[in-house]
Amino acid sequence: MLAGLASDISQQVLSTDAAGMPLEWLDYREAVRLYHSKQVAYDCGTLLYSVFGGYNSCSGTRSRIDVNSIIATHGTSRSRTRNRERYVPPLNNRTLFKRDANLCLYCGMRYMTRDLTRDHITPVSQGGRDKWNNVATACRRCNNFKGGRTPEQAAMELIAVPFTPNYAEYIYLKGRRVLADQMQYLLAHIPRSSPLHARLSDHLSNGEEIVEVHFHD
Ligand SMILES: [Zn+2]
């Protein structure tokens, strides 16, 4: 059914439930499917692109779906909302490095993703867990130097406190390219005390649409 123009169909759509809680990123196929099956309760943000379907043989008109940057789907998932407070997102390097803005949390330098590693602050060999609050982005040099030691044992200092992202933060971290309106939306669900709140606010006040420079390999 995708027969027409698409200004930028690679842009992900932010989906929320009917109560406005952020849920997930959608690609254009998933977004169009929701519009088409009338599961979109309302949309906000900005018009991203229009997708044209086939011609109606009776009326001669062509179906058209306008896809917005933020769409709310029908229904609220109570259990999902309830569990959200206790939600711990899965840990992976891509979102971990983005949490730390591609900075080595020891030397404070910014690196390409391929030059970064996951450091266990308390090493696994000393009982440290593979969890968000025990991992830090580290460059190879710092990680090698630290070895199997804690920061104290290695006389190294972390430049930021590692934190576990909440649900909205994790959605932000997973986003490939987050538009200003989507960022604004997610920001409302991120605690003011979070380091990400300050970072995103800065981006927004600078009028930046694309949140971060992405460091692809
Ligand atoms: Zn380093």
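L196 is found in helix α8, residues 195–205 (helices are DSSP runs of H or I with at least four residues, strands are E runs of at least two, and both are numbered from the N terminus). This is a predicted model, in which local features need pLDDT of at least 70 and side-chain atom pairs count only at pLDDT 80 or more, while totals for chains, interfaces and linings use all residues. Residues are numbered from 1 along each chain as its sequence is written, and side-chain values use heavy atoms, with hydrogens and water left out.

**Around L196**
- With a relative accessible area of 0%, L196 is buried (buried means under 20%, exposed over 50%, and partly exposed in between, using a 1.4 Å probe and protein chains only).
- Setting aside neighbours within four places in sequence, L196 is in contact with F163, E169, Y172 and L173 (contact means heavy atoms within 4.5 Å).
- L196 and Y172 are 24 residues apart along the chain, and their C-alpha atoms are separated by 9.5 Å.

- For comparison, the ideal angle for four tetrahedral donors is 109.5 degrees.
- C107 is partly exposed at 34% relative accessibility, whereas C139 is buried at 3%.

**Two buried polar residues**
- Q11 sits in the segment before β1 (13–16) and counts as buried at 2% relative accessibility.
- The side chains of Q11 and Q182 are joined by a polar contact of 3.4 Å (a pair of N or O atoms within 3.5 Å; within protein, one must be able to donate a hydrogen and the other to accept it, and residues adjacent in sequence count only if both atoms are side-chain atoms).
- N68, in strand β4 (residues 62–73), is buried at 12% relative accessibility.
- A polar atom of the N68 side chain lies 3.3 Å from the backbone oxygen of C44.
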